[in-house]
Amino acid sequence: MDWITFVWMFVMLKIPIALLLWLVWYAIQEPEPATSDDQDDGGSDRRHHPLPRTPRPPRRGGPHAAPTPAPPRVRTVASSRDTTRG
């Protein structure tokens, strides 16, 4: 029974590892560009990229123009015990 365990550990359990490596290799392959002479649209080969978006200018006026003021501070009595000892 010892040789069956040896074959199982060193051969059969390597199959999932080999399939995983093949899957990773297949996933990182770059697709081949589709080249066809029949589909010539007459345009340039350059890809047109959109212009980069610039940040929006700050808003002027309205509720977002000025920061909201801090709420008023209120002092409360910390404890009500008698502080006069004598």
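In this predicted model, the axes of helix 1 (residues 2–12) and helix 2 (residues 14–27) come within 6 Å and cross at roughly 0 degrees. Axes are lines fitted to C-alpha atoms, for helices over the stretch in contact, with angles from 0 to 180 degrees between N-to-C directions. Helix 1 is therefore roughly parallel to helix 2 (angles under 35 degrees). Met9, Phe10, Val11 and Met12 of helix 1 meet Lys14, Ile15 and Pro16 of helix 2 (contact: heavy atoms within 4.5 Å). By class, this contact has six nonpolar, no polar and one charged residues. Ala, Val, Leu, Ile, Met, Phe, Trp, Tyr, Cys and Pro count as nonpolar, Asp, Glu, Lys and Arg as charged, and the others, Gly among them, as polar.

The protein has two helices and zero strands. Helices (H or I, at least four residues) and strands (E, at least two) are DSSP runs, numbered from the N terminus. Residues are numbered from 1 along each chain as its sequence is written. Local features need pLDDT of at least 70, side-chain atom pairs count only at pLDDT 80 or more, totals for chains, interfaces and linings use all residues, and side-chain values use heavy atoms, without hydrogens and water.

Buried residues make up 0% of the 86 residues (buried: under 20% relative accessible area; exposed: over 50%; partly exposed: in between; 1.4 Å probe, protein chains only).

Two aromatic pairs are counted (ring centres within 6.5 Å, using the six-membered ring of Trp; planes under 30 degrees apart are stacked). Trp22 and Tyr26 are stacked, because their ring centres lie 5.4 Å apart with planes at 20 degrees. Both residues lie in helix 2, four residues apart. Trp22 is partly exposed at 48% relative accessible area. Tyr26 is exposed at 53%.

Definitions and conventions. Parallel < 35°, antiparallel > 145°, perpendicular 65-115°, else oblique. Phe/Tyr/Trp six-rings, centres within 6.5 Å; stacked < 30°, edge-to-face > 60°.
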